[in-house]
Amino acid sequence: MVEITYANGVLTARLYGEIDHHIAPKIRSEIDLKCESLRPARLVLDFKAVSFMDSSGIGLVMGRYRQMQLLGGTVRVVNYSDNLRRIFVLSGLEGNVADGSTIRAVIRNTNTRPQDYANVATVPRPGHADYASWLKCGSIPSGGGRWSGRMTAPLCIAGGIALQLLARRGVTVSSSVTRPSLEGVAP
């Protein structure tokens, strides 16, 4: 079920076993009582020893998130398994509750066509940074070099995350093309 400790303004609820519709209300009650009496600045929900969780576990986390917002505090979800991570992602909860975990992305390169690179030394590929490479370095490197998909994809992911964080602060970022064609320009 749950083991609760409090220190330095942080209430830690170590959850264990299975969290289902029978157990979740009991856990909820225990955490809520402590939050109301202690009014912590942060609630940490530790899922390290949780072996199973259904949708009532999501309700448990969401309810504590709302409660801590009303109390002016924050929630941090820690030590959950990959299976629980999938549940958090599918529920839309991940991203609303800080978990301190590493952001991971996998991009499988399954659409390789070497013939597309046959003329790369003299003809910039549309949608690639070949032309920019030629302008900056005087050549188009085989495999794309620093502008390859191996570098571009993670930068795009990081940019997407940054845009979301900036949007939460009311900042928007936009761009436009001022010269829509490279017609007549050759490396």
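With which residue does Glu36 form a salt bridge, and how far apart are the closest N and O atoms?

A: Happy to walk through it. This is a predicted model, in which local features need pLDDT of at least 70, side-chain atom pairs count only at pLDDT 80 or more, and totals for chains, interfaces and linings use all residues. Residues are numbered from 1 along each chain as its sequence is written, and side-chain values use heavy atoms, with hydrogens and water left out.

Glu36 pairs with Arg39 in a salt bridge, and their closest N and O atoms are 4.0 Å apart. The term stands for a side-chain nitrogen of Lys or Arg within 4 Å of a carboxyl oxygen of Asp or Glu. Glu36 counts as partly exposed because its relative accessibility is 45%, and Arg39 counts as partly exposed at 49%. On this scale, buried means under 20% relative accessible area, exposed over 50%, and partly exposed in between (1.4 Å probe, protein chains only).

The structure holds two salt bridges. Asp32 forms one with Arg64, with the closest N and O atoms 2.8 Å apart. That pair links distant parts of the chain: Asp32 sits in helix α1 (residues 24-38) and Arg64 in helix α2 (residues 55-70), 32 residues apart. Helices (H or I, at least four residues) and strands (E, at least two) are DSSP runs, numbered from the N terminus. Arg64 has a relative accessible area of 5%, so this residue is buried.

Now to a strand. Thr12 lies in strand β2 (residues 10-19) and counts as buried because its relative accessibility is 13%. Leaving aside neighbours within four places in sequence, Thr12 is in contact (heavy atoms within 4.5 Å) with Glu3, Ile4, Thr5 and Val44.

Of its 187 residues, 26% count as buried. Among contacts in the protein chain with a separation of 6 or more, 59% come from residues 24 or more positions apart.

One more stop is helix α5 (residues 149-168), where Leu166 lies. Leu166 counts as partly exposed because its relative accessibility is 32%.
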